[in-house]
Amino acid sequence: MGNVPWIVLFVGMIFQADWIGTGTPDPLRPWLPPFQLTEEMKKVLEEINSVNAYQVPQIPPKRVAVYAYTPVDVVPFRHVEPQRRFFLDQMEYWGAGRAKPEPEDIKTVKIGFIGPLIPTVSVAVGGQSHNEERMGIKMLQGAKLAIEEANERGGYWRRGIPFELVIRNDNGLWGSTGNEVIDLAYREKVWAILGSIDGANTHILIRVGLKIELPMMSSGDTDPTYIETNIPWAFRCISDDRQMAYLLVDYLYRKLDLKRVAILRSSNRYGRFGVREVVDGSRRMGRPIVVEMAYPVGCHDFSIQLERIRQSKADAVVHWGNPDDGARALNQMRAMGMNQPFFACDRCLAPEFVEIAGPNAEGVICASPWNPDREDPILLAFKERFRARFNEDPETYAAHAYDGMNMLLWAIQVAGLNRAKIRDVLAYRPDPFVGVTGPIPLSAVNDDDGEVYLAKFIGGKWHYYSRAELGLPPREALIRPALEQTAARQSAEAAGR
Amino acid sequence: MNWLRLARLLVIGLVVMLPGVSFAGGSPSPAGAKEAEVSEPTGDQPPAVSAAVPLPYVYTEWRHFTTEDGLPDDHIFAVKVDGPRVWIGTENGLACYDKRTGQMRVWKEEDGLPWRVITAIDVDKRTGDVWLGLFGGGLARFSGGRFEHFHQLNSGLVNDVVYGVAVENDHVWAATTAGASRLNLKTGQWTIFTEKNAPMEEIWNYAVHYRDGKVHLAVWGSGVLEFDVATERWQVYLDPDREMEIDLYRDDGIIHVITTGANYVDGILWVSSYFGLSRYDGRHWRGFYAHETGMPSDFTNSLAARSGQECYFAHDKGLGVVAHFDSDTYVSYTRDPKTLRGKAAVFRGGRKLLELDLERTIPHNFCISASVDETDVWVGTSKGVGWGIGKGYYAGVRENPEWLVEYNRRSQAQQLSAAVVPQATATE
């Protein structure tokens with residue numbers, strides 16, 4: 001029996017050229033071995049495996065002309081050509097990490113998980129660390145299911161050893177996430193980490209990841225600045241607040257032609273950064289936000305904020321915060337006789353929002369990073385498996401964590417046990433990873449560039465609408481003028497040379 | 001035109017016609033010592049330069065240190081020159097190299113080092129105490145052969161993930177992932193600086209530096225914070241356009257708020273970031289990008305300023321130097337990944353003046369840390385430490401410098417034996 005891993009390794013070597021793993025492929029879980037590498041991916045892998053400690057794979061980096069599909073009319077300072085544009089070229093890793101050999105003495109392949117699972121109460125900081133445990137537990141469910149399914153299919157195919165999820169609570173106190181990452185990296189020796197949801201903690205995570213050289217996948221943090229740090233080790237498999245804000249702003253102004261929009265947001269990083277593109281986009285489209293009011297997380301009385309919004313004569317309210325806060329604010333708004341349309345962030349798609357808001361939820365529109373109602377066999381099969389495992393439907397955080405973990409598992413199966421190579425295959429994969437949340441095309445900064453949606457609560461159910469279904473111009477059309485400007489500028493520069 | 005000038009031009013003519021050879025570290029070896037100057041470059045070839053062109057000092061002699069030379073690990077996070085001693089913080093232990101004896105001493109966890117990963121080092125000049133920033137392990141004082149450990153649970157250190165450490169008079173500052181901490185060495189009192197009592201838009205401190213009465217914190221997402229020790233007042237330097245995805249106007253402030261290092265020397269503030277570099281003289285800002293200066297990259301892990309004119313930047317693709325600010329002169333040190341030979345290139349005004357093929361420069365292109373003294377430079381990289389030996393070092397720029405003469409002399413000697421023409425020249 002002791003020879004089994006070596007036999008697996010030998011068989012693996014025979015098939016390495018084309019196939020990862022052996023057996024029968026599962027078309028509803030194409031990320032699980034066995035799967036065939038595309039010709040392009042094979043070339044990427046060959047190049048990655050050909051370099052020594054001093055070399056860098058010669059793989060053409062991704063290059064985009066417009067960052068994050070920013071519509072031309074919400075580009076910052078759009079009438080001025082900036083001195084420098086960032087995030088257009090793919091980040092590279094130039095370190096020596098690719099030369100580290102795969103260790104021989106491991107019994108499991110460890111992957112770290114950091115998420116808000118249990119809130120802690122600290123006298124020092126005067127209260128509860130967070131109230132994001134509902135989302136964190138969903139995230140954990142998705143990650144666990146991915147690990148369990150990978151292990152059912154033989155685990156790490158090169159050695160025939162199982163994957164192991166090393167779980168850490170992100171309690172949000174005093175930067176404790178940083179200590180957890182250190183522990184995961186140096187004591188547990190994980191190969192990658194999935195996490196987290198809170199923007200501040202996730203930033204701490206990737207700062208440490210950069211130093212340690214450890215791939216980090218975020219499946220729940222929608223803070224746009226997460227990937228705007230230029231860290232080649234940071235990945236995200238969920239569309240961010242920037243993308244969702246662009247769609248929302250388009251809908252508010254291009255579709256509904258609203259004139260006076262107010263913002264009600266949580267007084268934390270999520271609220272502050274979440275609405276930034278709504279605020280900027282509104283101003284740039286000539287409809288500046290009439291008032292932006294912040295409330296403390298866990299607030300039960302929004303009368304000060306709502307009274308100010310009422311005085312502003314807003315004709316719509318955009319809320320960015322947790323679902324319970326959002327629902328309580330909505331209820332109080334309606335009780336005050338404020339009947340403006342209520343728009344919200346994706347967190348308010350949670351059942352908690354509807355439960356608390358009750359009939360007031362009718363007509364609410366939320367941004368959404370995905371469409372969970374797609375008639376996609378991969379998604380439908382996932383829902384069945386998830387229900388069988390957890391006796392409930394998967395929601396946003398579970399589904400994205402499932403995809404994020406599967407992306408990491410796929411990368412480990414392809415690259416082997418080398419953190420730099422795991423990073424490489426994720427970054428240089430030529431085609432989008434197709435998960436249960438849909439295709440996940442990574443941008444030059446390793447961010448999910450996929451389509452986002454608006455969801456409207458009608459008749460006791462959320463209904464999801466794509467940009468096309470909302471009657472809005474496609475993203476490609478909105479960035480076309482910027483593409484043309486860039487092409488003209490490049491052509492003028494070339495002529496000048 | 002005098003005879004000397006004529007002879008000089010003759011030499012240049014010969015050099016331009018013949019392929020180059022260069023040397024480094026005292027042993028000539030065949031390769032291409034390329035000329036430079038003010039004519040337009042062709043392809044990758046630099047234009048020709050005359051010996052009369054003032055050039056900065058270029059380190060042509062380097063030594064490398066890896067685990068084979070006694071280092072505890074090749075992944076170097078911190079390096080700090082302290083007179084003849086060079087302290088080296090690695091991913092798995094502390095080392096001290098003595099330039100006088102050539103001996104390397106090592107401390108690991110089994111030797112009392114509180115945590116294996118060292119990300120920052122500073123030395124108290126008065127006591128000789130060595131302060132270590134431990135990545136996930138807090139702070140340590142190495143004094144008299146003994147390590148004293150400070151961490152979240154036994155001190156006022158705000159977080160155990162320490163990125164930077166600096167000794168300021170009777171205080172020690174630590175830049176951590178959740179704010180900055182200051183220890184008063186006289187009273188033992190700790191002060192914590194976060195968004196609650198300092199103008200930190202974010203609390204992710206990345207580096208701290210003290211000089212001439214000012215503490216500078218480089219904070220991810222919060223630019224640079226300057227703390228005046230005498231007045232205890234803060235000054236904040238942010239990117240004026242406040243946008244992450246662009247740098248709007250040239251030289252309007254720091255290039256980006258995600259900063260990684262700040263050094264204050266001669267009244268000049270140098271700033272590094274993952275997006276480019278900045279310099280502030282108290283009145284004017286100046287930004288530096290790789291595509292304009294010739295430096296290896298914009299992605300910069302840290303910096304070490306020698307003066308208001310000269311600063312060394314640890315990039316992901318090599319070591320970049322603003323060698324002489326006033327004359328817009330830069331030097332780039334890289335290592336050829338195929339031949340593993342070193343390369344040094346001098347740029348001015350965006351043009352490559354000179355390129356030297358050297359036996360070695362930096363040990364690896366991924367530079368993480370740097371430290372300078374009066375003459376030498378030390379570079380911590382992804383694979384070892386490099387020591388640039390500043391024999392005949394001078395500040396500023398000079399015509400026909402000694403290092404170039406020596407380079408050409410040795411190259412010529414090499415060439416004679418190899419029957420290939422060496423030399424680099426400089427003219428204007």
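**Exercise 1.** In this predicted model, determine how many residues of chain A and of chain B take part in the contact, and state how much area is buried between the two chains.

*Solution.* Begin with the residue counts: chain A contributes 50 residues to the contact and chain B contributes 57 residues. Next, take the area: about 4,700 Å² is buried between chain A and chain B, with 59% of it from carbon and sulfur atoms. Finally, consider individual contributors on chain A: A:Tyr54, A:Arg207 and A:Lys211 supply 20% of the area that this chain buries against chain B, more than any other three residues.

**Exercise 2.** Count the salt bridges and the residue pairs in polar contact between the chains, then identify which element of chain A gives the most to the side that touches chain B.

*Solution.* There are 5 salt bridges between chain A and chain B. One salt bridge joins the side chains of A:Arg269 and B:Glu202, at 2.5 Å from N to O. H5(A) gives the most, with 8 residues. Classified by residue type, this side of chain A has 22 nonpolar, 12 polar and 16 charged residues.

Definitions and conventions
Residues numbered from 1 in each chain as written. Chains lettered and ligands numbered in written order. Predicted model: local features only at pLDDT ≥ 70, side-chain atom pairs only at ≥ 80, totals over all residues. Heavy atoms only, no water. Contact = heavy atoms within 4.5 Å. Buried area = accessible area lost by both parts, 1.4 Å probe. Salt bridge = Lys/Arg side-chain N within 4 Å of Asp/Glu carboxyl O. Polar contact = N/O pair within 3.5 Å; in protein donor to acceptor, adjacent residues only side chain to side chain. Helix = DSSP H or I, 4+ residues; strand = E, 2+ residues; numbered from the N terminus. Nonpolar A, V, L, I, M, F, W, Y, C, P; charged D, E, K, R; others polar.
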